[in-house]
Amino acid sequence: MTADLDHSREAIAETGLARAGDTAGLEALISRAARAGKGLPPVERWDPDFCGDLDMEIRADGTWFYLGTPIGRAPLVQLFSTVLRKDADGKTYLVTPVERVGIRVVDAPFVAVEMNVTGEGAGQVLTFRTNVGDVVEAGPGHPLRFVDEPETGGLKPYLLVRGRLEALVARPVMYEMAGIGERIDIGGEAMFAVRSKGEIYPVMPWERLERLSA
């Protein structure tokens, strides 16, 4: 039975990402590209042909769906996440050395689910962990940005993880981050902002924060 399963996986893998019929086939193919245990694959350097779209979606809460069904195996999601790439066209792809297939992303491909704070003042460092296991220090090369959310009147913070791929900072983590924010003058305007690795990230004008707090 095991031999039959292995043969089935290889047969599906050989058909390519765009035509793989189940997650076993996808796993087999991506495992070859990711070379598990050897760090992230160099997806930014690969230039394969576009082979169509795959019925895969990353929901706003970070849950991955394939063919309309949640992918429940965390190690499999982590494996898929290593070959994600967002291109200049704004679309997100799964990329191997031989093909590139499009997937749907409702918001950001990752979610920052935990934050650790070390140091203080200019030496403060904010370190985030994503739902797929990335550990990222906010700072040069990994900026934070804050986007207005008109439907709630609030803000959505994002952290650049790698390439053009961002993590949406989960709401509980956002509240933690707000707790260490401070008033900083930026360009002559008082801003509510956070610091990390010598960088200052403005959240909102201080005057707006005061109105919201009133």
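Is Phe192 buried or exposed? At 9% relative accessibility, Phe192 counts as buried (under 20% relative accessible area is buried, over 50% exposed, and in between partly exposed, with a 1.4 Å probe and protein chains only).

## What we're looking at

This is a predicted model, where local features need pLDDT of at least 70, side-chain atom pairs count only at pLDDT 80 or more, and totals for chains, interfaces and linings use all residues. Residues are numbered from 1 along each chain as its sequence is written, and side-chain values use heavy atoms, with hydrogens and water left out.

The chain has five helices and 15 strands (DSSP runs numbered from the N terminus: helices are H or I with at least four residues, strands are E with at least two). Of its 214 residues, 45% count as buried. The accessible surface is about 11,400 Å², and carbon and sulfur atoms own 51% of that (Shrake-Rupley method, 1.4 Å probe; for residues, only the protein chains shown count as cover). Among contacts in the chain with a separation of 6 or more, 51% come from residues 24 or more positions apart (a contact is heavy atoms within 4.5 Å).

## The sheet around Phe192

Phe192 lies in strand β14, so let's start with that sheet. Three strands make up an open sheet, ordered β13-β14-β15, with antiparallel pairing (two strands pair if DSSP finds at least two bridges between them). β13 (182-186) and β15 (199-205) are the edge strands, each pairing on one side only. From one strand to the next, the twist averages 55° (axes are lines fitted to C-alpha atoms, for helices over the stretch in contact, and angles run from 0 to 180 degrees between N-to-C directions).

Five bridges hold β13 and β14 (residues 189-196) in their antiparallel pairing, and Arg183 stands opposite Phe192 in β14. Helix α5 (residues 206-213) packs on this sheet and touches β13, β14 and β15, with its direction at about 50° to that of β15.

## Aromatic pairs

A search of the whole structure turns up three aromatic pairs (rings of Phe, Tyr and Trp, using its six-membered ring, pair if their centres lie within 6.5 Å; planes under 30 degrees apart are stacked, over 60 edge-to-face, and the rest tilted). One of them is Phe50 with Tyr93: the ring centres are 5.9 Å apart and the planes sit at 80°, so this pair is edge-to-face. It links distant parts of the chain, with Phe50 in strand β1 (residues 49-58) and Tyr93 in strand β5 (residues 92-95), 43 residues apart. How covered are the two partners? Phe50 is partly exposed at 42% relative accessibility, whereas Tyr93 is buried, with a relative accessible area of 4%.

Phe192 is in another pair, this time with Trp206: the geometry is tilted, at 6.1 Å centre to centre and 50° between the planes. Since Phe192 lies in strand β14 and Trp206 in helix α5, the pair ties together parts that are 14 residues apart in sequence.

Elsewhere, Arg59 lies over the face of Phe65, at 3.7 Å from the ring centre.

Why is strand β6 (residues 99-105) described as largely enclosed by the rest of the structure? Because five of its seven residues are buried. β6 runs parallel to β1, joined by five bridges, and Glu57 stands opposite Arg104 in β6. With β5 the pairing is antiparallel over four bridges, and Thr92 stands opposite Ile103 in β6. A hairpin through three residues joins β5 to β6.

## The six-stranded sheet

Another open sheet has six strands in the order β9-β8-β7-β12-β11-β10, and its pairing is mixed. Its edge strands are β9 (135-137) and β10 (144-149), each pairing on one side only. Neighbouring strands here are turned by 40° against each other on average, direction ignored.

β10 runs antiparallel to strand β11 (residues 154-162), with six bridges joining them, and Phe146 stands opposite Pro157 in β11. Helix α4 (residues 171-179) lies across β7 (110-118), β8 (125-130), β10, β11 and β12 (165-169), running at about 30° to β7.

Key. A charge sits over a ring if NZ of Lys or CZ of Arg is within 6 Å of the ring centre and within 35 degrees of the ring normal.
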